[in-house]
Amino acid sequence: MRIGILSDTHDHLNRTARAVALLKSEGAEALIHCGDLTTPEIVHQCAELPSSFVLGNNDFDEVGLRAAVELIGGVFLGWGGEVILGDRRIAVTHGDSTKEMRRLAAEGPDYLLFGHTHQPSDRRDGPTRLINPGALHRARTWTVAVLDLATDDLHLLTVS
C-alpha cells in the first residue's frame, strides 16, 4: 500500500489540489494530513482518497474541521493518534508539541508522521521511522511524500 503524506497546507486550496493530484498519480491509495489545514475546504480537497487528519497549531476551527472530516468519511485524530494501514502502525501528530511526539513515539509505532517545521525530514529512532513531508506554505520548495508501506520506500515530491 502506498500512502500520500502532506502537511502545513495553510488554506492553499489550489496548491493542495495539485499536491493531491500528484500523490494520486504516484499511486497513493490513502492520504495522511499532518495538520495546519486552517480551513475545512482543505479537507474537501483531500476527499478523493481515504484520508486521516490531525490538528496543527494554526487549526483554530476544530469543530468545523472535525465536521468536514466526518462529512467526507475521513479519520479525525484530534491532536494526535494512530491508524493502521497496510498492517503498519502509523502515528500522526503535527509536531508542535514535544509532549505529544514523545507520547506517540513511546507506543513504538512503525512510523511517526508529523509536520510543523515546514522542512522535510526522515530519520529512525529505534523501531520507529519519523517522517516529515515538508510543507505547502512558507517553504523554499513545496513538498509532499509518498510512502510505500510494503517496501518502506519514501519519495519526496515537489509540488509546482
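In which sense do strand β1 and β2 pair, and over how many bridges? Select residues 2-6 for strand β1 and residues 30-33 for strand β2: the two pair in the parallel sense over four bridges. Two strands count as paired if DSSP finds at least two bridges between them; helices (H or I, at least four residues) and strands (E, at least two) are DSSP runs, numbered from the N terminus.

This is a predicted model, in which local features need pLDDT of at least 70, side-chain atom pairs count only at pLDDT 80 or more, and totals for chains, interfaces and linings use all residues. Residues are numbered from 1 along each chain as its sequence is written, and side-chain values use heavy atoms, with hydrogens and water left out.

Stay on β2. Ala30 stands opposite Ile3.

Next, select residues 51-53, strand β3, which runs parallel to β2 and is joined to it by three bridges. Ser52 in β3 stands opposite Ile32.

Now move to residues 80-85 (β5) and 88-93 (β6), which pair in the antiparallel sense over six bridges. Gly80 has Thr93 in β6 as its bridge partner. Two residues separate the strands of this hairpin, where Gly86 takes a positive phi near 55 degrees.

Finish at residues 111-113, strand β7, which pairs with β6 in the parallel sense over three bridges. Tyr111 in β7 is the bridge partner of Ile90.

Key
Buried means under 20% relative accessible area, exposed over 50%, partly exposed in between (1.4 Å probe, protein chains only).
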